[in-house]
Amino acid sequence: MVVLAASGALHAGDQDVVNERPPVSPRQLEQHWGVDCEALRRELLASGTVSAGDAATAPTHEDARARVTRWHAGLRLCAAIHNAPGAGETPRCPDYARAARVIDENAAGGDDTMQAQIEEALQCES
């Protein structure tokens, strides 16, 4: 029992051991969690607006609040898959984590810069 406690304490300071990711591809994680990050990215870029008050751009018959909630949940999953801490020093594009933060910061809607911020986070140069 003492050996196990000591072993855990030794590894607790080693972030690489504690935060080791499973040996699966990002696409496999997307399938497992039921999210298509590229489709979500295209939808957000094509939406023209992501404000909570504009339901005209919805691809289905969901209301604006449900759409923003779906986008936010998808962005959080995509951020965990593609923008995980320790995945590299340089920012990755698309930056799903940043796009999710923009939605968090503009939860009330009505921010005219929201779409520009989303586009900046998700639009990658080829």
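**Close-up views of a predicted helical chain**

**Figure 1. The C37–C78 disulfide in the predicted model.** The link of C37 and C78 is left-handed, with -105° about the S-S bond. This pair connects distant parts of the chain, since C37 belongs to helix α4 and C78 to helix α5, 41 residues apart. The coordinates shown here and in the following views come from a predicted model. The sulfur atoms of C37 and C78 lie 2.1 Å apart. C37 counts as buried because its relative accessibility is 0%. C78 likewise has 0% relative accessibility and therefore counts as buried.

**Figure 2. The C93–C124 disulfide.** A sulfur-to-sulfur distance of 1.9 Å joins C93 to C124. The pair again bridges distant parts of the chain: C93 sits in the loop between α5 and α6, C124 in the segment after α7, and 31 residues separate them. The torsion about the S-S bond of C93 and C124 is about -100°, so this disulfide is left-handed. C93 has a relative accessible area of 46% and is therefore partly exposed. For C124 the relative accessible area is 26%, which places this residue in the partly exposed class as well. A search of the whole structure finds two disulfides. When the bonded cysteines are counted along the chain, the disulfides follow the pattern 1-2, 3-4.

Figure 3. The chain contains seven helices and zero strands. Read from the N terminus, the order of elements is α-α-α-α-α-α-α. Of the 126 residues in the chain, 32% are buried. The chain exposes about 8300 Å², and carbon and sulfur atoms supply 54% of this area. Among contacts between residues at least 6 apart in sequence, 57% join residues that are at least 24 apart.

**Figure 4. The largest nonpolar core and L75.** The largest nonpolar core of the model has 21 residues, and those with the most contacts inside it are L44, L75, Y96, I103 and I118. Two or more residues of this core come from each of α4 (37-46), α5 (64-82), α6 (96-105) and α7 (114-122). In soluble globular proteins, nonpolar side chains tend to be buried together. With residues up to four places away in sequence left out, L75 touches L40, L44, Y96, A99, A100 and I103.

**Figure 5. The buried residues of helix α6.** Y96, A97, A99, A100, V102 and I103 are buried in α6. The cover over the buried residues of this helix includes α4, α5 and α7. Y96 and I103 are also among the residues with the most contacts inside the largest nonpolar core, and Y96, A99, A100 and I103 are among those touched by L75.

Figure 6. The side chains of R27 and E30 meet in a salt bridge with an N to O distance of 2.7 Å. R27 and E30 both lie in helix α3 (residues 26-33), three residues apart, a spacing of about one turn of the helix. R27 counts as partly exposed because its relative accessibility is 43%. E30, by contrast, has a relative accessible area of 7% and is therefore buried. A search of the whole structure finds five salt bridges.

Figure 7. The side chains of R41 and E38 meet in a salt bridge (N to O 3.1 Å). R41 and E38 are three residues apart in helix α4, so about one helical turn separates them. With 15% relative accessibility, below the 20% limit, R41 counts as buried. E38 has 32% relative accessibility and therefore counts as partly exposed. A network of salt bridges links E38, R41 and R42.

**Figure 8. The E43–R70 salt bridge between two helices.** The side chains of E43 and R70 meet in a salt bridge with an N to O distance of 2.6 Å. This pair links distant parts of the chain, with E43 in helix α4 and R70 in helix α5, 27 residues apart. R70 counts as partly exposed because its relative accessibility is 33%. Helices α4 and α5 are also the two elements that hold C37 and C78, the cysteines of the disulfide in Figure 1.

Note on methods
Residues numbered from 1 in each chain as written. Predicted model: local features only at pLDDT ≥ 70, side-chain atom pairs only at ≥ 80, totals over all residues. Heavy atoms only, no water. Helix = DSSP H or I, 4+ residues; strand = E, 2+ residues; numbered from the N terminus. Buried < 20%, exposed > 50% of the residue type's maximum accessible area, 1.4 Å probe, protein only. Contact = heavy atoms within 4.5 Å. Areas by Shrake-Rupley, 256 points an atom, 1.4 Å probe, with all protein chains shown as cover. Core = buried A, V, L, I, M, F, W, Y, C linked by side-chain atoms within 4.5 Å. Disulfide = S-S within 2.5 Å. Salt bridge = Lys/Arg side-chain N within 4 Å of Asp/Glu carboxyl O.
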